[in-house]
Amino acid sequence: MAFARFVIIFFCVSMATACVAPSEGRPVVSNDRPETQRPRYDNPPPTEVYKPSRSRPNPALEQEIGDLWRTFPGKTGIAIKSIDGGWSIGHRADQNFPQQSVSKLWVAMALLDKVDQGRVSLSDAIQIGPDDLTLFYQPMAAEVKREGSVVKSVYTLLERALAYSDNTANDALLRHAGGPDAVNDFIRRQSLGKIKFGPGERLMQSQIAGLKWNQNLSQGRKFYTARANLPIETRRKALANYLADPIDGASPGAIVGALDQLARGELLSANSTQLLQSILKRTRSGPNRLKAGVPAGWEFLHKTGTGQVLGAVSTGYNDVGIMTAPDGSRYAVAVMLGNTTASVPERMRLMQSVTRAVGRYHGR
């Protein structure tokens, strides 16, 4: 009887031991085994940690710019280039967009190139009369109307055309530089890529509207009246043709590439480079576009562009420039809206978000 009780107890203890599960996912290791004989377990693969580098963009910056681009309505182009690091980010960066007044940059560069060659002087006097007026934004027209004609130096006209975006000043510089062919020749000689210059403000803007230019359209609001009197289908067709193949088209990538070369002093002499950059730092147009997102303590130089509007569609709403951090690092930035139904505040917020992101991830 005692033997039977012993057998039953032994059997129960054995079963209880067998029913104890080892720790989940780990083999049972006897504590009396030497440490060297215990199984070794593979460590989980280390998580890759991003290390800041001047030669590549922060992935978080790439993600943020991509999200901004994807969620904005209309045809949008964004390009960012680290001038000192060499990396770039782009969305539709190789596609052509209407430049509008961004193209004033190439007029100024073509003219300053002639200054560098000794063929033009900053002190050259240029006379501007009623037959030289253009349309849209041209503060100089008031002077011409008041005085009959005015005489301005090349330097003054550069300031008016770039810092104030005066169309009449720009067309005067264009004539002095040798016309559209001379500007396009400069672009080709410098291998600036997908950038082209149109026929000048008067011919280009009238063509976009579906009008044929005559000089009377430069007076008062005659252009606006003539445009409003056109059949809406005429305007739509003319605008669609322009957007399909902009006569002043340029890609955001080519523009930041040109700004990169300008900043490096590869396009103009040191004096002309410094002069152009100093004027662009005083740009008054578009204070709430790219500039409003640039961090405090940074320098910023830029040129805006704004095209015509038809119904709810705005075209050629642009800003391009160079951001310089307190440590001297530079970034060329271009945001170009070929066409969009977004409101002006929404467009401004997009542009501000781009420069704000560049500043936030600088050095990270």
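**Aromatic rings and their partners**

Let's start with a charge on a ring: in this predicted model, the charged end of R221 sits over the ring of Y224, 4.2 Å from its centre.

Q: Which ring does the charged end of R289 sit over, and how far from the centre?
A: A charge counts as over a ring when CZ of Arg is within 6 Å of the ring centre and within 35 degrees of the ring normal. R289 meets that rule with Y317, and its distance from the ring centre is 3.7 Å.

Q: How many aromatic pairs are there?
A: Ring centres have to lie within 6.5 Å to pair up. Going by that rule, the count is 5.

Q: Is the pair of F136 and F223 stacked or edge-to-face?
A: The ring centres are 5.2 Å apart, with the planes at 85 degrees.

Q: How many residues apart are F136 and F223?
A: F136 is in the loop between β4 (125-128) and α4 (140-147), while F223 is in helix α9 (residues 222-228). The pair links distant parts of the chain, and the separation is 87 residues.

Q: Is F223 buried or exposed?
A: Buried means under 20% relative accessible area. F223 comes in at 1%, so it counts as buried.

Q: Which residues do ring pairs link into a cluster with W87?
A: W298 and Y331 form a stacked pair, 6.2 Å centre to centre with 25 degrees between the planes. Both of these residues are buried. Ring pairs link W87 into a cluster with W298 and Y331.

How values were computed
Residues numbered from 1 in each chain as written. Predicted model: local features only at pLDDT ≥ 70, side-chain atom pairs only at ≥ 80, totals over all residues. Heavy atoms only, no water. Phe/Tyr/Trp six-rings, centres within 6.5 Å; stacked < 30°, edge-to-face > 60°. Helix = DSSP H or I, 4+ residues; strand = E, 2+ residues; numbered from the N terminus. Buried < 20%, exposed > 50% of the residue type's maximum accessible area, 1.4 Å probe, protein only.
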